[in-house]
Amino acid sequence: MSKLNEVIPKANHILKKFYLCDYCLGRFFSKNIKSSSYRILGKKIKQEVKLPAQKCYICKNLFENLSQYVDLMLESSYHHDFSTFVVGVKIKPSLIDCDDFVRSKFKLQGVDSIKTGITREISKSFAKKTKKEIDFLNPDITFTLNFKEKFCQIRSKQVSIQGRYNKLKRGFSQKKKSCENCLGKGCRKCNFHGFYEHESVEAKISNFLLSRFGGTVAKFTWIGGEDKSSLVLGLGRPFFVRIQNPIKRKSKFSKNIKLDSLKIKNCKIINEVPKKPLPFISTIKMNINSENKVESESLKQLKILLKKPVVIYENNGKRSEKKILNSHFKKNSKKRFTLVIDVEGGFPIKRFVKGDNVVPGISQTIGTKCTCDEFDFLEVKIITNN
Ligand SMILES: [Zn+2]
Ligand SMILES: [Zn+2]
């Protein structure tokens, strides 16, 4: 650290060539002399130098007019929930050139650049006005101020949510399907949504959450999937959602939320959606039709066989195994029976019934061609390690 009078000759030298505002002058000596702000330091130095005021060679007095940009930030974040923020600025290249020029000419090393300086001043002032905190690493809101076009862009950190759902009616799919006409871009045919099916589980949950939190898109992570004709019962299927660019960051959820034939339960905000896929076990009830009469004896045989792992072969030569932890069946008529299994997640149900590269398959085991036209999820349990 130096004393004030030690930097006066250099400051004098600079100011005679290039007149600087208090901020820019203070910025250049803030590494030498301790001060609470650029402006106060610059002012102190100038009192010693005594030169008539002019326009700042570097910032063209931009530092003195930052309050309008703070207002712009206040305006654009008016509706947002947030407690932390960070600011980025885009300034005219000509200002940066002048700054570089003066810094190199007077060998001012290790001092804050004009960009750093403006970011610092504007963040300080916004924090003071709003009582929000600056957070460089993980802010709720990121402001990007464009000084050239006097424009403030705002981005907010995503909000992550977990919950479960019950599907109480058949006939709508789990995931949204892109519009076939525009492939998701949005067109007249899909009413510019990019999707055809507004009835899907995904559409219903995302419409609900976006109406609560604002934001642009809801991105889903599913714990398994079901058919259009399936029901999802019991405690429901778990799901995770990331809401991008939300306006609200908090919401109170009632335990059960009914959206027509969909029920969302136990919704809560979480820190982060799990990065790795979570292992789970599904209890699935299958209604199976057979071409010929089914003997009770062969169903008993099936139950014994299902105690061994089921091997699944894919077309690409991959082979995987899934364990059935429990199974029971009920004969409904000569050619119809119901099979309920507890099985590891990601099990290909229809292929298992058909016996399509799944061993043992039901058709082969009971010796007659079988099909599954409907299967329901009675329970979906995430396996936790503890
Ligand atoms: Zn200046
Ligand atoms: Zn379309």
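Guide: Axes are lines fitted to C-alpha atoms, for helices over the stretch in contact, and angles run from 0 to 180 degrees between N-to-C directions. Helices (H or I, at least four residues) and strands (E, at least two) are DSSP runs, numbered from the N terminus. This is a predicted model, in which local features need pLDDT of at least 70, side-chain atom pairs count only at pLDDT 80 or more, and totals for chains, interfaces and linings use all residues. Residues are numbered from 1 along each chain as its sequence is written, while chains are lettered from A and ligands numbered from 1 in the order in which they are written.

Visitor: Is α2 roughly parallel or roughly perpendicular to α3?

Guide: The axes of α2 (residues 22-29) and α3 (residues 38-49) come within 7 Å and cross at roughly 95 degrees. Angles of 65 to 115 degrees count as roughly perpendicular, under 35 as roughly parallel, over 145 as roughly antiparallel and the rest as oblique. Therefore α2 is, relative to α3, roughly perpendicular.

Visitor: Which residue stands opposite I312 in β15?

Guide: The open three-stranded sheet runs β12-β11-β15 with antiparallel pairing, where pairing requires at least two DSSP bridges. Its edge strands are β12 (319-322) and β15 (358-359). Two bridges join β11 (residues 310-313) to β15, and opposite I312 stands V358.

Visitor: How many residues has the largest nonpolar core?

Guide: A nonpolar core is a set of buried Ala, Val, Leu, Ile, Met, Phe, Trp, Tyr and Cys residues joined through C-beta atoms within 7 Å; buried means 20 or more other C-beta atoms, placed from the backbone, within 10 Å of a residue's own. Y165 and L209 are among those with the most contacts inside the largest core, whose residues number 37.

How values were computed:
A residue is buried if 20 or more other C-beta atoms lie within 10 Å of its own, exposed if 12 or fewer, and partly exposed in between; C-beta atoms are placed from the backbone.
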